[in-house]
Amino acid sequence: MKKNVIVTGGLGFIGSNLIKLLLKKNFKVINIDKISYSSNFYNTKDFNVKKNYKFIKCNINNSKKINNILNKYKPLCIFNLAAETHVDRSIDSPKEFIESNILGVFNLLECFKKFSKKNKKSRLIHISTDEVYGDILKNRSKENDTYKPSSPYAATKASSDHLVYSYVRTYKINAIVTNCSNNYGPRQHPEKLIPKIIYNCINNKNVPLYGDGKNSREWIYVDDHCNALLKIFKSGKNGEFYNIGSNLNQNNLNIAKLLIKIAKTKIETGKNVKIKFVKDRPGHDFRYALNSNKIKKKLGWKSSTGLKKGLEKTFEWYLNNQNYYSKLKKTDITKRLGQKY
Ligand code: DAU
């Protein structure tokens, strides 16, 4: 019972990769997931045989169930990864983002506040994003910089970060907020840029780039992010915010070219596999970039996966795990979102 941890949203991309790491470190992991379009049991198929893994279908908005789970498992930590995460979806359906990312976190905080009274050592790590800082045309965002979210998605994450901090200040709960840059790696839903390009390379489709493809993101391999979360769990300070980034910025055009090049070394790509510039995303942030000196200096963490190596590993994973796709709705992979408002 001593090493119980809860991961919310553990059927998703970062959640399932984090569970893999936690199981390896011998934690007992309770995965809570509401099973949404991006939840994929393929992501956790190897965990089911393990004694220290338990899946519970549960929405973070369900207080009764969350209270019961907390009281039963008495976790040392809750890693909150349950969230709606796709910017384009948030443009079409912002309400779902408010329900999951704001009301869900509010509910989780209320449950955790109650639970914390008798379980003072337990902590909540709320996983957030670099998008809360908004468009960063120059320099890199630091933890104390102003939040200026551009999309409904980013605004809901910003709200939840504020809520978490307010509970730390007001109710003295043990909680930490982490703000990470763009993740990529195995098990990511192909609605996102990198897995979308890989899917399209494998399936002989055009590679759609929004606008002129010059928008820049800071790309971090998911395992590096998960290692940072573990480090924060072990030695992070309550009430703090930690940026987690790789310092590796690239524009989308370069990412697409690199992936197409990698694809050509691994498969015979079809004639449709070429870049196609398409209508831009509304409100599209030009650049995100984090200053991650705090976590480096205070906790001794740094990302270690180079971009080319990380992209190669990711491509290979999708190539060797094509059953991953069979669990997803095809229209969720191929449909262009964020244009219908
Ligand atoms: O920065 C961290 C954030 O990264 C996370 O908080 C979000 O949950 C995650 O979705 C991601 O947000 P982005 O909007 O940056 O990721 P996305 O993969 O949707 O897009 C990355 C860039 O690629 C962005 O400039 C839009 C562009 N793009 C995206 C898609 C899906 C394209 O050009 N074509 C595409 O088909």
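Ala, Val, Leu, Ile, Met, Phe, Trp, Tyr, Cys and Pro count as nonpolar, Asp, Glu, Lys and Arg as charged, and the others, Gly among them, as polar. The model discussed here is predicted.

Q: What makes up the shell around the ligand, in nonpolar, polar and charged residues?
A: The shell divides into 7 nonpolar, 8 polar and 7 charged residues.

Q: Which residues come nearest to the ligand?
A: Of the 22 residues around the ligand, Asp 130, Glu 131, Tyr 153, Asn 182 and Arg 281 come nearest.

Q: How far is a ligand oxygen from the side chain of Asn 252?
A: An N or O atom of that Asn 252 side chain is 2.9 Å from an oxygen of the ligand.

Q: How much of the ligand does the protein cover?
A: On its own, the ligand has 680 Å² of accessible area, and the protein covers 95% of that.

Q: Which element gives the largest share of the shell?
A: Strand β8 does, with 3 residues.

Q: How do you know that the span of helix α4 agrees with its number of residues?
A: Helix α4 has 25 residues, 94-118. At 1.5 Å a residue, α4 should span 36 Å. Its end C-alpha atoms are 36 Å apart, so the two values agree.

Q: Where is the kink in α4 centred?
A: The kink is centred on Gly 104 and is about 30°.

Technical notes:
Residues numbered from 1 in each chain as written. Predicted model: local features only at pLDDT ≥ 70, side-chain atom pairs only at ≥ 80, totals over all residues. Heavy atoms only, no water. Near = heavy atom within 4 Å. Polar contact = N/O pair within 3.5 Å; in protein donor to acceptor, adjacent residues only side chain to side chain. Areas by Shrake-Rupley, 256 points an atom, 1.4 Å probe, with all protein chains shown as cover. Helix = DSSP H or I, 4+ residues; strand = E, 2+ residues; numbered from the N terminus. Expected span 1.5 Å × (residues − 1). Bend = angle between axes of the 7 residues up to and from the residue.
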